[in-house]
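Welcome! Let's take a friendly tour of a protein, one feature at a time. Have a look at the sequence and the structure first.

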Amino acid sequence: MQMNKNVKTTTVMLALTGILLTACSSNEKKAETTTVVTPIEVKLSMPNAATQNALSLGGQIEAVQSANISTRVMGYITSMRVKVGDHVSQGQLLATISNQDILAKRAQADAMIAEAEAALRNAQKDYDRFTALYQQQSASAKELDNVTLQYNAAKSRVDAAKQMRNEVNAMLAYTNLTAPFSGVVTQKMADAGSMANPGMPLLTIEKSGSFQVSIAVPESQINYVKMGNVVPLYIQAINKSIKGTVTQISESAQYTGGQYMVKVAIPENEKAGLYAGMYVTAQLPIKGNVSVVNTGSDAVMVPVSAIVTKDELTGLYTVSANHTALLRWVRLGKQMGNEVEVLSGLSKDEPFILSANGKLADGVPVKEIK
């Protein structure tokens with residue numbers, strides 16, 4: 001009886017042991033099943049990939065038309081009627097210069113004209129009288145020739161006096177400085193009371209509403225720039241990205257040290273917030289498989305969309321040697337349009353994850369897609 005009881009107990013324990021082993025085996029299989037993770041498909045990119053087919057250069061915004069206002073006469077500035085920032089219209093009076101000496105010369109010219117015209121009237125009478133006498137054979141041909149010569153000389157003196165007055169009037173016009181076109185006063189180099197000298201700029205006017213970007217392109221890359229090319233522009237001062245068009249390419253670098261000046265027109269509807277002199281980063285498109293030297297900067301640039309922000313930290317994902325996502329903390333610099341500069345944390349020849357078909361995290365398996 002006791003033996004049967006022991007046998008039953010042993011049988012129950014073996015059964016329980018079998019159940020436990022089966023359960024453990026099942027749990028291990030479940031654990032093994034849950035650790036199998038499908039890799040996330042990701043797209044890799046290299047720094048500066050967006051600009052590898054473009055030449056990144058710096059330039060400045062400038063007015064399409066500008067003029068330095070100066071004079072041809074010497075004299076004190078009697079009035080300065082505009083200041084920097086004033087909008088002026090074509091023909092508007094900007095400044096006046098003392099002109100008493102020129103007015104005196106014009107009075108002398110007027111007096112000379114009056115004297116010459118009086119002499120001409122007298123010579124006209126003599127000419128008419130001697131002509132009549134010659135026709136009546138009462139005067140010789142020699143006398144008529146002398147009177148005719150005096151008459152022509154009197155006419156020449158009148159013409160000379162009038163031309164002298166025209167010259168004085170032209171000089172007088174330079175004492176009243178007017179705007180050659182409508183625009184904005186951007187510089188004022190003198191005030192009322194200052195001495196104006198011939199050729200010395202007093203004011204600078206720029207045509208308002210029309211801007212362009214002036215870019216110096218190195219001689220090794222100028223052949224890749226074509227008229228009509230669309231150029232992405234980034235104005236850092238106002239964090240604005242626009243697109244311009246190449247409208248002018250200089251064919252000489254004689255006075256620019258091997259740099260060719262390229263003008264890029266800015267559309268009229270993009271002029272809001274722009275001022276002449278603002279610094280611009282231009283991405284001049286270069287077609288074909290060429291070796292591009294980024295003369296503008298050696299900065300490591302990545303798309304803003306690839307940046308991950310956590311609290312006050314910024315980073316981006318790279319791929320580890322085990323083909324898993326690795327979050328790399330980086331320090332960012334200035335932003336240029338849709339790209340941002342990476343100051344540290346990523347080298348220029350190191351790939352990073354540009355986009356992913358799923359949520360990335362440290363250690364998640366990834367698979368590159370082309």
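Which residue in E14 is the bridge partner of Ile 249? The bridge partner is Val 262.

## About the model

This is a predicted model, in which local features need pLDDT of at least 70 and side-chain atom pairs count only at pLDDT 80 or more, while totals for chains, interfaces and linings use all residues. Residues are numbered from 1 along each chain as its sequence is written, and side-chain values use heavy atoms, with hydrogens and water left out.

## The overall picture

The protein has three helices and 23 strands. Helices (H or I, at least four residues) and strands (E, at least two) are DSSP runs, numbered from the N terminus.

Of the 370 residues in the protein, 33% are buried. Buried means under 20% relative accessible area, exposed means over 50%, and partly exposed lies in between (1.4 Å probe, protein chains only). The protein exposes about 22,600 Å², and carbon and sulfur atoms supply 53% of that area; accessible areas come from the Shrake-Rupley method with a 1.4 Å probe, and for residues only the protein chains shown count as cover.

Now for contacts, meaning heavy atoms within 4.5 Å. Among contacts with a separation of 6 or more, 73% are between residues 24 or more positions apart.

## Strand E14 and its partners

Let's return to E14, which covers residues 259-265. Two strands pair if DSSP finds at least two bridges between them. Strand E11 (residues 211-218) runs antiparallel to E14, with seven bridges joining them. Strand E13 (residues 240-249) also runs antiparallel to E14, joined to it by four bridges.

Val 262 of E14 is the bridge partner of Ile 215 and also of Ile 249.

## Two stacked rings

Rings of Phe, Tyr and Trp (its six-membered ring) pair if their centres lie within 6.5 Å; planes under 30 degrees apart count as stacked, over 60 as edge-to-face and the rest as tilted. The count comes to one aromatic pair. Tyr 127 and Tyr 151 are stacked because their ring centres are 5.1 Å apart and their planes meet at 15 degrees. The pair links distant parts of the chain, with Tyr 127 in helix H2 (residues 100-135) and Tyr 151 in helix H3 (residues 141-173), 24 residues apart.

Are these two residues buried or exposed? Tyr 127 is partly exposed, because its relative accessible area is 27%, whereas Tyr 151 counts as buried at 13%.
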